[in-house]
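Hi there,

Here is the structure I promised to pass on to you. Have a look at it first, and then read on for what turned up.

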Amino acid sequence: MTTAIAPSARVLCTVEAAAELLSLGRSTIYELMAAGELPFVKVGRARRIRRTDVDAFAAQLPPQPV
């Protein structure tokens, strides 16, 4: 039996986990946070992104025409 939590079930994501969930690079995530487009919280020196904010960001992206 394992006690590890799947990345998709976590409440707070690291920048790396958010990048993986959104299929973006780490630098892009940092740029989105700096621009205020992707909210984050600071826990000590670490930045964490709420999973709900990752989902909300993805949901508000407009579909690209084919």
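Predicted model: local features only at pLDDT ≥ 70, side-chain atom pairs only at ≥ 80, totals over all residues.

Together with Val11 and Leu12, Val43 makes a nonpolar surface patch of about 270 Å².

Of its 66 residues, 24% count as buried. The accessible surface comes to about 5,000 Å², and carbon and sulfur atoms account for 56% of that. If you look at contacts with a separation of 6 or more, 44% of them are between residues 24 or more positions apart.

Now to the charged side chains: how many salt bridges does a search of the whole structure find? The search gives three.

- Arg26 and Glu16 meet through their side chains at 3.6 Å, N to O. Because Arg26 lies in helix H2 (residues 26-34) and Glu16 in helix H1 (residues 15-22), this pair ties together parts that are 10 residues apart in sequence. Both ends are partly exposed, with relative accessibility of 46% for Arg26 and 41% for Glu16.

- Arg50 forms a salt bridge with Asp53, and their closest N and O atoms are 3.6 Å apart. Here Arg50 is partly exposed at 38% relative accessibility, whereas Asp53 is buried at 18%.

- Arg51 and Asp55 meet at 3.0 Å, N to O. These two are four residues apart in helix H3 (residues 51-60), so about one helical turn separates them. In this pair the arginine, Arg51, is buried with a relative accessible area of 19%, while Asp55 is partly exposed at 39%.

One thing to keep in mind when you read the classes: buried means under 20% relative accessible area, so Arg51 at 19% and Asp53 at 18% both count as buried.

Enjoy exploring it, and do write back with any thoughts.

Best wishes

Conventions
Residues numbered from 1 in each chain as written. Heavy atoms only, no water. Patch = residues over 30% accessible without salt bridge, like charges linked within 9 Å, V, L, I, M, F, W, Y side chains within 5 Å. Areas by Shrake-Rupley, 256 points an atom, 1.4 Å probe, with all protein chains shown as cover. Salt bridge = Lys/Arg side-chain N within 4 Å of Asp/Glu carboxyl O. Buried < 20%, exposed > 50% of the residue type's maximum accessible area, 1.4 Å probe, protein only. Contact = heavy atoms within 4.5 Å.
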